[in-house]
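Please keep the sequence and the structure in view while going through the points.

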Amino acid sequence: MKSAVLVFPGINRERDMARALKLVSGNDAAMVWHADTELPKGTDLVVVPGGFSYGDYLRCGAIAARAPVMDAVRKFAADGGLVLGVCNGFQILCESGLLPGVLMRNAGLKFICRDVHLRVERNDTPFTRGYQAGQVITVPVAHGEGNYEADEETLKRLEGEGRVLYRYCSPTGEVGEAHNINGAAASIAGIVSERGNVLGMMPHPENHVEDIMGSTDGRGLFAGLAEHLKRAA
């Protein structure tokens, strides 16, 4: 699996992401600067990591979405390439038009930094094949604007097309207001594009890939991607 991790001013999770990718795939990820206009040749997966790109000025991800490298990412996605955006990366993907909707301020208007439970809605996608459908995993969140919102028609389409891959839930998998940490519509924590090759999610699976962190629940996402690309080769 040949991965490319984008780096914008203010991004701070690029090394966490690169480490997770190497632990699972055995290969070093290429670090791609925001001013670059091309992705490394042979790239299989583009990752837009978390942090505070350009200081989160204007709107979270709004400036990064217009960086030169994003034209290459849009072309890569249009050609069917796999793209993963985590936290600020999710915001950037929405701002760049690669995913619908927008990430708003958390309903409680406070920054949230803790472990949360996610329910895996399906396991027949490149981003979820490392899990079981209905499985509950524990991964960290660290965001102030993770409240996913979209118009009613878009939400109906996401649900009808099975494009919600991860939802906030209880430890036993129950979805509801009591377990919706940021007020996101339908407890949405992660969605995919219409073609299923672009995933945006707020939680940080890259921070739960080693035993020393107390959980390896995030590892399944990366292992599933590696397995998908291996079979596709």
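1. A surface patch, as the term is used here, is made of residues with over 30% relative accessible area and no salt bridge, with nonpolar side chains joined within 5 Å. The model under discussion is predicted. In this model, Tyr57, Leu58 and Ile63 make a nonpolar surface patch of about 370 Å².

2. Ile63 is located in the loop between strand E3 (45-48) and helix H2 (69-78). Ile63 counts as partly exposed because its relative accessibility is 31%, and partly exposed covers values between the limits of under 20% for buried and over 50% for exposed.

3. Strand E10 (residues 188-192) is mostly covered, for five of its five residues are buried. Which strands pair with E10? Strand E9 (residues 164-169) pairs with E10 in the antiparallel sense over three bridges, and Gly190 in E10 has Tyr166 opposite it. Strand E11 (residues 198-201) also pairs with E10 in the antiparallel sense, over three bridges; here Val192 has Leu199 in E11 as its bridge partner.

4. Apart from its neighbours within four places in sequence, Ser170 is in contact with His117, Val136 and His179.

Note on methods:
Residues numbered from 1 in each chain as written. Predicted model: local features only at pLDDT ≥ 70, side-chain atom pairs only at ≥ 80, totals over all residues. Heavy atoms only, no water. Patch = residues over 30% accessible without salt bridge, like charges linked within 9 Å, V, L, I, M, F, W, Y side chains within 5 Å. Areas by Shrake-Rupley, 256 points an atom, 1.4 Å probe, with all protein chains shown as cover. Salt bridge = Lys/Arg side-chain N within 4 Å of Asp/Glu carboxyl O. Helix = DSSP H or I, 4+ residues; strand = E, 2+ residues; numbered from the N terminus. Buried < 20%, exposed > 50% of the residue type's maximum accessible area, 1.4 Å probe, protein only. Pairing = 2+ DSSP bridges. Contact = heavy atoms within 4.5 Å.
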